[in-house]
Amino acid sequence: MKVGLVGLPGSGKSTVFGALTGLAVRTGYAGAGKSNIGVVKVPDPRVNALAEMYQPKKTTYAEIAFSDLGGGRASGLDRNALNAMREVDALCQVVRGFADAAGAPPNSIGEIGELETETILADLEITENRIARLEKDRSDARELDLLKRIREALEAERPLRALALEPQERRRLSGYAFLTAKPLLLVLNVAEAEIGSQPADVEEAAAKRGLGWVVLSAPVEMDIAQMAENEQQTFAESLGLPEPAKNRFIRAAYAITDLISMLTVGPDECRAWPVTRGTTAPRAAGKIHSDIERGFIRAEVTHWRDLIELGSEALCREAGKLRVEGRDYIVQDGDVVHFRFNV
Ligand SMILES: Nc1nc2c(ncn2[C@@H]2O[C@H](COP(=O)(O)OP(=O)(O)OP(=O)(O)O)[C@@H](O)[C@H]2O)c(=O)[nH]1
Ligand SMILES: [Mg+2]
């Protein structure tokens, strides 16, 4: 899964990227239009708590790849920037919430609207080309019907992610890599003095579109990213934040890709495994090892909170908090799973 940081030039994409990855990236003029890619651990208090309890040799977090898509020139979102967005699974729009170097005040709502309009137009162009082709060769009437509905939504300025479609229709459309069908999260990048604020206009713009949003100050988060893990927490608290804002942001980005975390525990390793929502137990087991999927017998499942409260899997079993699940079980976020298998 790859998440793309998108947004207008100078909104702070590269600064946010630096904050997420802890990498020293070029921002401002030196980095204008440049793209970056990096893999980030998904901070997970559940894994921390379980590792505290098991004291394993190794603790492993889920990971997610972020790319700073750069692209766009001073003119705004050009074709390169839009094309780069097709390559990622989900989008995070960085919105400038600070006065820029020239002193221009933020125009958050304008930026959100601009990206929306540009992506709708890009999708509309693809749709119209395809409709013209299908009307000529009459090769696929069902697809033509579907695309006409798509065109209608786009012409009404409605992003496709909000459109009610059957799963099979979504699958049919996946090859088109429509930008407005990709999950989207808004990141309002505010000045340091505005940390902790929740601007009502952005809240309304997000709610109207059914989008999640996170407020952070990218340069501050970039400084935090350079600190040792334990100092990061203390520093965030001194700013009145329960944890670094980047942590909440990474978790929110992970969630929009439709990934959940299955947890495994033991003296060797405590680990979060990214699993697509709706995955059955044997397939989730296959993430760990193909032998476990092939020889799957059952999954013993506890909820991470019960495990922490009761102190061991054996005590969970006694308390009736350990479930035995079969092949059809759909793994849930926060399940601590122990697979029984034979090969
Ligand atoms: N005051 C202030 N400046 C910021 C903030 N975030 C980023 N900047 C500055 O704004 C400028 C642009 O930030 P970048 O991260 O390079 O923006 P970008 O979106 O990557 O820009 P392009 O790659 O040109 O599209 C840099 O000089 C940053 O230091 C912020 O929250 N407050
Ligand atoms: Mg940049």
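1. Let's start with a helix pair: Ser108, Ile109, Ile112, Gly113 and Glu116 of helix H5 touch Asp201, Val202, Ala205 and Arg209 of helix H8, contact being heavy atoms within 4.5 Å. By class, this contact has 4 nonpolar, 2 polar and 3 charged residues (nonpolar: Ala, Val, Leu, Ile, Met, Phe, Trp, Tyr, Cys and Pro; charged: Asp, Glu, Lys and Arg; polar: the others, Gly among them).

2. A word on the basis: this is a predicted model, where local features need pLDDT of at least 70 and side-chain atom pairs count only at pLDDT 80 or more, while totals for chains, interfaces and linings use all residues. Residues are numbered from 1 along each chain as its sequence is written, chains are lettered from A and ligands numbered from 1 in the order in which they are written, and side-chain values use heavy atoms, with hydrogens and water left out.

3. H5 (residues 108-137) and H8 (residues 200-209) pack at about 25°, their axes 9 Å apart. This angle makes H5 roughly parallel to H8 (angles under 35 degrees count as such). Axes are lines fitted to C-alpha atoms, for helices over the stretch in contact, and angles run from 0 to 180 degrees between N-to-C directions. Helices (H or I, at least four residues) and strands (E, at least two) are DSSP runs, numbered from the N terminus.

4. H5 also turns up around a cavity. The largest cavity holds about 80 Å³ of space, and H5 gives the largest share of its lining, 4 residues. Ile112 and Glu116 are among the lining residues, as are Leu91, Gln93, Arg161 and Thr180. A cavity is a set of points on a 1 Å grid over the protein atoms alone where a 1.4 Å probe fits but cannot get out; a pocket is an open set with protein on both sides within 12 Å along at least five of seven lines, and lining residues have an atom within 4 Å of a point. Grid points are joined across faces, edges and corners, and a volume is the space filled by probe spheres set on the points.

5. Next, the second largest pocket, with about 520 Å³ of space. Of its 23 lining residues, Pro43, Glu229, Gln232, Lys246 and Asn247 lie nearest the centre. The lining divides into 12 nonpolar, 6 polar and 5 charged residues.

6. Finally, helix H1 (residues 13-21) packs against helix H9 (residues 218-225) at about 25°, with axes 7 Å apart. That makes H1 roughly parallel to H9.

Definitions and conventions
Parallel < 35°, antiparallel > 145°, perpendicular 65-115°, else oblique.
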